[in-house]
Amino acid sequence: MKKQRNNFTSLDYFRKTYNSKSICLQEVFKARLQKTPFCVNAPECNAPTEEFYVLNVKTGKFICKNCNYTHSATEGTIFGNTYIPIEHLFDMINTFMHSRHGWTARAMSAECGYSERWCFDFLREIRELMGKENKRTFYGFIESDETYAKTGSNGRGRNYKKKRGRNNDDKTPVMAMLQRGKQNKVIAFAVKDCSALSLIPLIEKHVVKGSTILTDEWGGYVSLNKKGYNHNVVKHKEKEWVNGCACTNNLELFFRHFKRTIRTYTCVTREYIQDYVNECVYRWNYRTEKDVMFFSLLENLPPLKFLPKL
Ligand SMILES: [Zn+2]
């Protein structure tokens, strides 16, 4: 039997569902309220927000019924401080996330009719939100590996020679970890270099001790056994790709997706490479749950804050 496509993964269905200011505002308000259990007007009022907070859809402001504190529901998020209707922003974010290998500011500008500069800034803000995905903690079987992303394309003369791999000023190393399981979730970081000093602290921060880490024979990982991890190695130099349970092939799939995405954005500088890494990680981690992809981004919005009235 033909597998039916979930409606929520279709862009058209999304556009039709979230087509008015009130629906979108309520969605943002609901997501931010989950992180704010008590009234933000803290010392004066400690009413639980679920009961006392009400959203006025017309003005876009929320009000506390207990202390009458009023403020904008979108202030301090990517939906605030812009003249563009919130339903358009919703549509743009959704289209961006469901694109296969990224969406450039120029293409977005051509399709949506806003200036290229604004689109560039907006995409950057979305990528920043996506970065929250990188805070995961892993346990169990973790694959770890590095790749090199091309950053910057200045100063390429006729005599420019393409270089591969390490010792390359033109590229920035990106280190990634993958937790084996049903979903093969990934986290990735742009690093200064691939020395143990850069790699090990990242592993210690994001992987629970006692886990098994599967890597290639790169010297940066040698001290993992001492740090309280089980370390299994696969020797790529000797053309050995699988050794028992040790292999990094699942992660190579992520790198393939990452490199194709980077290629979409002709020129990425070293300064902003982490943003693009975040984007790839987010798209990869939700590749099988496209119906919740958009809403987990809303969960990353900051909680409601106390803002003095002007
Ligand atoms: Zn209150």
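Before the pictures, one bit of bookkeeping: axes here are lines fitted to C-alpha atoms, for helices over the stretch in contact, and angles run from 0 to 180 degrees between N-to-C directions. Helices (H or I, at least four residues) and strands (E, at least two) are DSSP runs, numbered from the N terminus.

Okay, what are we looking at? This is a predicted model, where local features need pLDDT of at least 70 and side-chain atom pairs count only at pLDDT 80 or more, while totals for chains, interfaces and linings use all residues. Residues are numbered from 1 along each chain as its sequence is written.

Let's start with the sheet. Five strands make an open sheet, in the order S6-S5-S4-S7-S8, with mixed pairing; two strands pair if DSSP finds at least two bridges between them. At the edges sit S6 (186-190) and S8 (230-233), each pairing on one side only. On average, neighbouring strands are turned by 25° against each other, ignoring direction. Zoom in on S7 (residues 212-215): with S8 it pairs in the parallel sense over four bridges, and Leu214 has Asn232 in S8 as its bridge partner.

Now the helices that lie across those strands. H7 (residues 196-206) goes across S4 (141-150), S5 (171-179), S6 and S7, at about 30° to S5. H8 (residues 249-264) lies across S4, S5 and S6, and runs at about 25° to S4.

So how do H8 and H9 pack? Their angle is about 130°, and the axes are 10 Å apart. That makes them oblique to each other, since under 35 degrees counts as roughly parallel, over 145 as roughly antiparallel, 65 to 115 as roughly perpendicular and the rest as oblique. From H8, Phe254, His257, Phe258, Thr261 and Ile262 meet Tyr276, Glu279, Cys280 and Trp284 in H9; contact means C-beta atoms, placed from the backbone, within 7 Å. By class, that's six nonpolar, two polar and one charged. For the classes, Ala, Val, Leu, Ile, Met, Phe, Trp, Tyr, Cys and Pro are nonpolar, Asp, Glu, Lys and Arg are charged, and the others, Gly among them, are polar.

Last stop: H6 (residues 116-130) and H9 (residues 273-285), whose axes come within 8 Å and cross at roughly 60°. That makes H6 oblique to H9. Which residues make the contact? On H6 they are Arg124, Arg127, Glu128 and Met130, and on H9 Asp275, Asn278, Glu279 and Tyr282. This contact of H6 with H9 splits into two nonpolar, one polar and five charged residues.

Terms used:
Two residues are in contact if their C-beta atoms, placed from the backbone, lie within 7 Å.
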